[in-house]
Amino acid sequence: SSPVSPVSPSSNEELFDRARALMPGGVNSPVRAFGSVGGTPKFMVSAKGPYITDSEGREYVDLVCSWGPALVGHSHPDVLAAVHAAVDNGLSFGASTPAEAELAQLVMDRVPGVKRLRMVSTGTEATMTAIRLARGYTGRNLVIKFAGCYHGHLDGLLASAGSGLATLALPGSAGVTEATAAETLVLPYNDVDAVEKAFAEHGANIAAVITEAAPANMGVVTPEPGFNAALSRITAENGALLILDEVLTGFRTGPAGYWGLTGAKEGWTPDLFTFGKVIGGGMPVAALGGRADVMDYLAPLGPVYQAGTLSGNPIAMAAGVATLKAATAEVYATVDARSAELSAAVSAALTDAGVDHSIQRAGNLFSVAFGTSDTGVHNYEQAQAQESFRYKPFFHSMLESGVYLPPSVFEAWFLSGAHDDAAMERIYAALPAAAKAAADA
Ligand code: PMP
C-alpha cells in the first residue's frame, strides 16, 4: 500500500468540518461533497496504480481515476519521472516551450482530423472556446446541445447539463442570463428527428451542434448507431459546425477516443474536437482542435480571441506527453477487458440479489442504471427516471469494502491499465453485499 504523509487534522470527519468552514460545501467541485450519496467525503492523500489512500490511511481500489485522467494508473513511473524532470527546469515561463508541439503531434498522430490544436487548462475552457470559435467562424448565434450532456460550466451549456447538475437535480444554473440561455437549443439525446426539425426552423442561425462523443455525464448512454454520423451530415448540409466533445472519452475509449471507434470507421470527422482529462494525465490540460481553416480563426491569426497565462504549462505538457506515450495498445486492451469483466460481474451480482438494472455501455466506459431493464437508458429523461435511490447504499457498501466508486449514479466507472487481478478480486469480493444493500433500499 502507498506511503501516507501524516496530515493534521487527520480524520476525514475533521478535515471535512474544517473544509466546510473555509470553502462552499467544503469542496472545490460539487460532486466531491457526496451530496447525493450522503456521508463524509474521503480526503485523499496519495494514489498509486489502481489504489487511492485517504487521510486515515485506508486504501481503496479506485474506480474514479480522477474522473478519467488516470488511464495508465496513478503515479505511473514514466509520468512521474517526466514531471520531476520538468519541475527541475522551472514551473512556468509564460512563453512557448518545445513540449507543447510534442503533445500536439501525439494528438494528431492519433486523431488525424486534428490539423491544429490549442492547449488550454480545463475542459470548460476547451468547449467555451470551441463555441466562441464556431460563432466567430459562422457568424451565427445559436448552439444545439443535448439534454444530459455535460460540457463544463460555461454559461451557455448549463441547461439540462448532467454531471453535478443531475446529481443535485438542478435544471440549470442560477446566474445565467435569459439572453444567454436563449441562444442554446436543448434537444433530446439520440433523436435525429429533433435535430432535423431544429435545423428546419433555425438552420440559418445555428453555429454549431455540440455533443459528447458518447455521453457519460448522465451515466453512460450509447449513441444510437449512426447518431453522431447524422449530426456530422446535418451540420455540414446547413453550414454549421459539429463539435465533438471528447474531454472524457478522448484517449480513453481507445487511442483515438470514441471517434476512433465510430467516425474513423464510418467516414465522418467533426469540424472541432475538444479534449481534456487523459491528455494531461492528471495535470490541468485540455485542448480544442480540428479543421485548419476553422482553428486559424483563433488569435493571433484570426479574430476570435482566446488566451491563458498557464496554457501549455511545461509541467502539464510533460505529464501529457508521458501519459500518451504510456497509453499503449496493451493499456487499452487491459482497460477494455477489465471493463467487460467488471460490468458483467456487477450485473451478475445485481441479478443474484434481484435488483432490476441495465448496464449502460459505450466502448470501455460503463455505468449501472437501476430499474431500467425494460428500456435501458437512451436519453436524459430515462436516466433521471431510474431508481437512483438504490445507488446510495450500493456505493457505501462498496466504500466500506475498500472500493471507491464515483459518488453519483450519473457518472461513469473508470478503470486503468493498472487494475490488476488483485485489485479486481477486491472489487468482485465486495459486490454481493453491495448488491444486497441495493436490493434492500
Ligand atoms: N466535457 C465533458 C464531456 C466532461 O466530462 C467534462 C468534465 N467532466 C468537461 C467537458 C469539463 O471539463 P473540466 O471539468 O476540466 O472543466
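1. Two residues are in contact if their C-beta atoms, placed from the backbone, lie within 7 Å. On that rule, 23 residues of domain 1 are in contact with 26 residues of domain 2. The model is predicted: local features need pLDDT of at least 70, side-chain atom pairs count only at pLDDT 80 or more, and totals for chains, interfaces and linings use all residues. Residues are numbered from 1 along each chain as its sequence is written.

2. Domain 1 covers 12-63 + 329-440, and domain 2 covers 77-326. These bounds come from an automatic or database domain assignment. The domain centres, taken over C-alpha atoms, are separated by 25 Å.

3. Which elements give two or more residues to the side of domain 1 that touches domain 2? They are strand 11 (357-362), strand 12 (365-370) and helix 14 (380-384). Helices (H or I, at least four residues) and strands (E, at least two) are DSSP runs, numbered from the N terminus. Strand 12 gives the largest share, four residues. By class, this side of domain 1 has 13 nonpolar residues, nine polar and one charged. Ala, Val, Leu, Ile, Met, Phe, Trp, Tyr, Cys and Pro count as nonpolar; Asp, Glu, Lys and Arg count as charged; the others, Gly among them, count as polar.

4. An open sheet of four strands runs in the order 1-2-3-13, with mixed pairing. Two strands pair if DSSP finds at least two bridges between them. Strand 1 (44-48) and strand 13 (403-404) are the edge strands, each pairing on one side only. Strand 1 pairs with strand 2 (residues 51-54) in the antiparallel sense, over four bridges. Serine 46 has threonine 53, in strand 2, as its bridge partner.

5. The ligand is surrounded by 16 residues. A residue counts as near if its C-beta atom, placed from the backbone, lies within 6 Å. The closest are Gly123, Thr124, Gly152, Val247 and Leu248. Helix 4 (residues 123-138) gives the most to this shell, three residues. The shell has five nonpolar, nine polar and two charged residues.

6. The largest nonpolar core has 138 residues. Such a core is a set of buried Ala, Val, Leu, Ile, Met, Phe, Trp, Tyr and Cys residues joined through C-beta atoms within 7 Å. Buried means that 20 or more other C-beta atoms, placed from the backbone, lie within 10 Å of the residue's own. Ala134, Ala208, Leu241, Ala287, Ala318 and Val403 touch the most other members.

7. Alanine 287 deserves a look. Leaving out residues up to four places away in sequence, alanine 287 touches Val107, Leu117, Arg118, Met119, Val120, Ala126, Phe275 and Ile279.

Conventions:
Buried ≥ 20, exposed ≤ 12 C-beta atoms within 10 Å, placed from the backbone.
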